[in-house]
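Reader: I am new to reading protein structures. Can we go through this one step by step?
Author: Gladly; here it is.

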Amino acid sequence: MRVEDETERAVERRPKRDREATRRRILDAARDLFGEHGYDGVTVRMIAARAEANMALVNRYFGSKAALFGEVLAGESVIRGVIAGDPEGLPRRLAEHFVRQIDQHGVTAMSRMLDRSVGHPEVREILLQYLEDVIVQPLVAQLEGPDARARALLASTIIMGGAPVRRLLGLGDLRAADPAELTDRLTAMFTAALAPPVRREV
């Protein structure tokens, strides 16, 4: 009998609470390692060792390193909860979320993961799926009227645009700005981006 088969049978016999704890350890280990070394610098073996788990369990629970990266990314994101709620308050919630991200003086696990992994082709596909599933489609679901996807994509460019600005220019000037005024300005930007188009008379 293969070692992998024995491991899978042991997993099936293990109480659910233990399985969830192991799965959580693997996710935590992957998040930390991807943040430290980037996607290319991490192997499944490294993740299993950090999580004190068998490599077969990593593959069983997540399927591949790419799929594990995607799940870590989705788990670290809070934007889905920001988008959910009253559609009328959506622009303000997005603005407040943006300002909170600016105000974080420590580098988050999410930003480290993205900064050190974004150039990898597999990560690009994961990010495209993440953007679609976690940001664009939830925004579309909140909108009424024509061109909902185009409006959601426009708002997404504001949400995602902060990352390259942070990497290239830093956020010192934005942090020095008045948070209330910044939130008001961003609310106006998100309101304009998400509003139904105005049909001009010819």
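This is a predicted model: local features need pLDDT of at least 70, side-chain atom pairs count only at pLDDT 80 or more; totals for chains, interfaces and linings use all residues.

Reader: Which helix holds Thr183?
Author: Look at residues 179–194. That stretch includes Thr183, and it is helix 12.

Reader: Which residues does Thr183 touch, not counting residues up to four places away in sequence?
Author: Set aside the residues up to four places away in sequence. The contacts of Thr183 are then Arg92, Ala95, Glu96 and Val99.

Reader: What is the distance between the end C-alpha atoms of helix 12?
Author: Helix 12 has 16 residues. At 1.5 Å a residue, they should span 22 Å. The end C-alpha atoms agree with that, being apart by 22 Å.

Reader: Within what arc do the buried residues of helix 12 fall?
Author: The buried residues of helix 12 are Leu182, Thr183, Leu186, Thr187, Phe190, Ala193 and Leu194. They line one face of the helix, because seen down the axis they fall within an arc of 140 degrees.

Reader: Which exposed residues sit on the face of helix 12 turned away from its buried side?
Author: Exposed means over 50% relative accessible area. On the face turned away from the buried side of helix 12, the exposed residues are Arg185 and Ala192.

**Aromatic pairs**

Reader: How many aromatic pairs are there in the whole structure?
Author: The search covers the whole structure. The number of aromatic pairs it finds is four.

Reader: Are the planes of Tyr39 and Phe69 stacked or edge-to-face?
Author: The ring centres of Tyr39 and Phe69 are 5.5 Å apart. Planes over 60 degrees apart count as edge-to-face. The planes here are at 85 degrees, so the pair is edge-to-face.

Reader: How many residues apart in sequence are the parts that this pair ties together?
Author: Tyr39 lies in the loop between helix 2 (16–37) and helix 3 (44–51). Phe69 lies in helix 5 (residues 65–76). The pair therefore ties together parts whose separation in sequence is 30 residues.

Reader: At what angle are the planes of Tyr61 and Phe62?
Author: Both Tyr61 and Phe62 are buried. Their ring centres are 6.4 Å apart. The pair is edge-to-face, because the planes are at 80 degrees.

Reader: Which residue lies over the face of Tyr39?
Author: Tyr39 forms one aromatic cluster with Phe34 and Phe69. Its contacts beyond four places in sequence include Lys65, Ala66 and Arg116. Over the ring face, at 4.1 Å from the ring centre, lies Lys65.

Reader: How far apart in space are Tyr39 and Met113, C-alpha to C-alpha?
Author: In sequence, Tyr39 and Met113 are 74 residues apart. In space, their C-alpha to C-alpha distance is 7.7 Å.

Reader: Within what arc do the buried residues of helix 3 fall?
Author: In helix 3, Val44, Ile47, Ala48 and Ala51 are buried. They line one face of the helix, because they fall within an arc of 95 degrees.

Reader: Which loop holds Asp147?
Author: Asp147 is not a glycine, yet has a positive phi of about 55 degrees. At 41% relative accessibility, Asp147 counts as partly exposed. Its loop is the one between helix 9 and helix 10 (148–169).

Key. Residues are numbered from 1 along each chain as its sequence is written. Side-chain values use heavy atoms; hydrogens and water are left out. Rings of Phe, Tyr and Trp (its six-membered ring) pair if their centres lie within 6.5 Å; planes under 30 degrees apart count as stacked, over 60 as edge-to-face and the rest as tilted. Helices (H or I, at least four residues) and strands (E, at least two) are DSSP runs, numbered from the N terminus. Buried means under 20% relative accessible area, exposed over 50%, partly exposed in between (1.4 Å probe, protein chains only). A charge sits over a ring if NZ of Lys or CZ of Arg is within 6 Å of the ring centre and within 35 degrees of the ring normal. The arc is that of the directions from the helix axis to the C-beta atoms. Contact means heavy atoms within 4.5 Å. The expected span of a helix is 1.5 Å times one less than its number of residues.
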